[in-house]
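Thanks for coming. Please look at the model on the screen while I talk.

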Amino acid sequence: MTTTPQYVTEGNADALAERARRHLWMHFTRHSVYEGGGHVPIITRGEGPYIFDDQGRRYFDGLAGLFVVQVGHGRAELAEAMARQAQELEFFPLWSYAHPKAIELAERLASYAPGDLNRVFFTTGGGEAVESAWKLAKQYFKLTGKPTKHKVISRSVAYHGTPQGALSITGIPPAKIPFEPLVPGGVKVPNTNFYRAPEEYRYDEKAFGLWAADRIAEAIEFEGADSVAAVFLEPVQNSGGCFPPPPGYLERVREICDAYDVLFVADETITAFGRIGDMFAINRFGVTPDIITCAKGMTSGYAPLGAMIASERLFEPFKHGTNAFLHGYTWGGHPVAAAVAMANLDIFEREGINDHVKENEGAFRRTLEKLLDLPIVGDVRGAGFFYGIELVKDTETRETFNEEESERLLRGFLSKALFDNGLYCRADDRGDPVIQLAPPLIIDQSHFNEVEQILRQVLTEASNIL
Ligand SMILES: Cc1ncc(COP(=O)(O)O)c(C=O)c1O
């Protein structure tokens, strides 16, 4: 039923915002802002690394939508690939049947994945892929004589999605508390935020990495190895503001998982498909997990698609007798999404997107590091085209903002000021306050400069209002 009043007419930009206010329930959104009369930002189209709103204003897309639009907006050839597929076979499920594009894409993903990660289970997004990986870990151990292995270890402040299993794995208490009790068995260990490393490791990244990895072994010992099924982590953690793995960290995690027969799941929902300059970031770090979960950049956002890619070892018990992975999604591996993923990956190869990221990541970092001269910028960190800029009250002591200051700074000022100045990105305080940047992977030095200049102007104003 619509409650839209008569005065709201089609084609009137303000009227569209009004209709959004009345009917559109936005995700992770404080609707009080709009109930109070705030204008709902409406994005109407995109072109390359830019997006445009309903008022005709242009913004640099500093977050690739939501860590998604790797090859940029408005690629006609991707729209055409989708149209072709829809004409040929618009839908068929993967429930006991296959279709050509899912087969081709599964084979292609397996060819990019490390080791013998050859078995591709499609979902529609990252949270479903994480959920699928946890369920696979549980059923695998039940089928192989270790039925009590069910718990998952993951890292503090990490985000792994919103289904109730994935939310148990997520390490952000405020995102979980409203929905408790969640799936039991989620255990948390420290992340690899070197900027906030314990004092004794602050000057030795390798030692810090080994310390952090060993907290996983400690948690497994504490919980009992016979109860732990998997460790989930992102090769570069997003939430909290980009924590790359310290040297030796991922290798040590692999050793620990092997020692305790615990599965290593690399959640590459964000880091795959070029974000760190490789199809899978884990390849760049030279470690082979047991499962990769991925989504977002696989289609550059032209259609929703995710995947769980598992090793031959994990598939093995499902080859026999009446065994089946009792899990699935109607839309998982949708033909139109699989077709556009193939076309997207063709662009990656034709345009050398991964090499472009590797060749330009240093320049992007150096441009962002110029911001370290501002009194509010404590740290610039990340890898590939994926950066977090941590904001602090005092760069000497690294003192962070209290809740009220963070609220005033991020929600009260920064998010809006950045957008008003033409930069769409995210000011996030799920850990310490950070600005997250993950632009489309097609950008160059002129865009790095554009981002730096907008950030410089807005962060300078922010330090003045504090
Ligand atoms: C690391 C990670 N895992 C899982 C998810 C959930 O993905 P989705 O929103 O597609 O369910 C996200 C989303 O940002 C993510 O960053």
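Which residue in E3 is the bridge partner of Phe52? In E3, Phe52 has Arg58 as its bridge partner. Before going on, two notes on what you see. This is a predicted model, in which local features need pLDDT of at least 70 and side-chain atom pairs count only at pLDDT 80 or more, while totals for chains, interfaces and linings use all residues. Residues are numbered from 1 along each chain as its sequence is written.

A word on labels. Helices (H or I, at least four residues) and strands (E, at least two) are DSSP runs, numbered from the N terminus. Two strands pair if DSSP finds at least two bridges between them.

Strand E2, residues 50-53, and strand E3, residues 58-61, pair in the antiparallel sense, over 3 bridges. They belong to an open sheet of 4 strands in the order E1-E2-E3-E13, with mixed pairing. At its edges stand strand E1 (43-47) and strand E13 (423-424), each with a single partner strand, so one side of each has no neighbour in the sheet.

Now the other sheet I want to show. It is open too, with 4 strands in the order E11-E12-E15-E14, and the pairing is antiparallel. Here the edges are E11 and strand E14 (426-428); each has a single partner strand, so one side of each is left without a neighbour in the sheet.

Buried means 20 or more other C-beta atoms within 10 Å of the residue's own, exposed means 12 or fewer, and partly exposed is in between, with C-beta atoms placed from the backbone. E11 pairs with strand E12, residues 386-391, in the antiparallel sense over 6 bridges. Ala383 stands opposite Phe386 in E12. The hairpin of E11 and E12 has 2 residues between the strands, and Gly384 there takes a positive phi near 60°.

Next along is E15. E12 and strand E15, residues 434-437, are antiparallel and pair over 4 bridges. Glu390 has Val434 in E15 as its bridge partner. On the other pairing, E14 and E15 are antiparallel over 3 bridges, and Asp428 stands opposite Val434. A hairpin of 5 residues joins E14 to E15.

In a regular strand, side chains alternate between the two faces of the sheet. For E15, both faces are covered: Val434 and Gln436 on one side, and Ile435 and Leu437 on the other, are all buried.

Arg398 is found between E12 and helix H15 (403-420). Arg398 is partly exposed, with 15 other C-beta atoms within 10 Å. Leaving out residues up to four places away in sequence, Arg398 touches Gly378 and Val392 (contact means C-beta atoms, placed from the backbone, within 7 Å).

On to helices. How do H9 and H10 pack? Helix H9 (residues 205-223) and helix H10 (residues 249-260) pack at an angle of about 20°, with their axes 8 Å apart. The two are therefore roughly parallel to each other; angles under 35 degrees count as roughly parallel, over 145 as roughly antiparallel, 65 to 115 as roughly perpendicular and the rest as oblique. The contact includes Gly209, Leu210 and Ile216 of H9, and Tyr249 and Arg252 of H10. By class, the contact of H9 with H10 has 10 nonpolar, 1 polar and 1 charged residues. Ala, Val, Leu, Ile, Met, Phe, Trp, Tyr, Cys and Pro count as nonpolar, Asp, Glu, Lys and Arg as charged, and the others, Gly among them, as polar.

The second pair is helix H14 (residues 353-369) and helix H16 (residues 445-465), whose axes come within 9 Å and cross at roughly 20°. Ala363, Phe364, Thr367 and Leu368 in H14 meet Gln445, Phe448, Asn449 and Glu452 in H16. That contact divides into 4 nonpolar, 3 polar and 1 charged residues.

Notes. Axes are lines fitted to C-alpha atoms, for helices over the stretch in contact, and angles run from 0 to 180 degrees between N-to-C directions. Two residues are in contact if their C-beta atoms, placed from the backbone, lie within 7 Å.
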